[in-house]
Amino acid sequence: MRVTRHAVKVVGACAAAAVLALAAPGTAQAAQGVLFIDRAPHQDPSGCFPLGDFAPSEVANLTDGVAWVWSGPNCDGRVTHAILPGQVMIGRGMSLFIE
């Protein structure tokens, strides 16, 4: 009985350490390169960017990261599509997230 409780504690501690390591702040890095949204450059972008309010935005992803287009503002709602590194596409959504 005692060995089982000890094993459960060890496994639980390892799982908690793994979750903390993956969720630790400061581990995310900005994409390297330039992201153009409606021809406006964003060097080494990271985070959420608004897209056009009344017309879809042209997005040129010249970074090493994937840009995710969201249906709602502030990267809320659902992902409508991805813009891969090197792609130029129309962002059909209200915001874009890149990391």
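1. Let me start with the cysteines: Cys 48 and Cys 75 form a disulfide, with 2.1 Å from S to S. The term stands for a pair of cysteine sulfur atoms within 2.5 Å, and by this rule the count comes to 1 disulfide. In general, such a link is a covalent bond between the sulfur atoms of two cysteines. The link of Cys 48 and Cys 75 is right-handed, with 105 degrees about the S-S bond. It ties together distant parts of the chain, 27 residues apart: Cys 48 sits in strand S3 (residues 47-50), while Cys 75 lies in the loop between strand S5 (67-70) and strand S6 (79-83).

2. A word on how to read all this. The model is predicted, so local features need pLDDT of at least 70 and side-chain atom pairs count only at pLDDT 80 or more, whereas totals for chains, interfaces and linings use all residues. Residues are numbered from 1 along each chain as its sequence is written, and side-chain values use heavy atoms, leaving out hydrogens and water.

3. How exposed or buried are the two cysteines? Cys 48 is partly exposed, at a relative accessible area of 36%, and Cys 75 is buried, at 15%. Here buried means under 20% relative accessible area, exposed over 50%, and partly exposed in between (1.4 Å probe, protein chains only). Of the 99 residues of the chain, 26% count as buried.

4. On the overall build, the chain has 1 helix and 8 strands, in the sequence pattern α-β-β-β-β-β-β-β-β. Both are DSSP runs numbered from the N terminus (helices H or I, at least four residues; strands E, at least two).

5. Ile 37 has Ala 40 in S2 as its bridge partner. The hairpin of S1 and S2 has 2 residues between the strands, and Asp 38 takes a positive phi near 50 degrees there.

6. Lastly, contacts (heavy atoms within 4.5 Å). Among those in the chain between residues at least 6 apart in sequence, 49% join residues at least 24 apart.

Terms used:
Two strands pair if DSSP finds at least two bridges between them.
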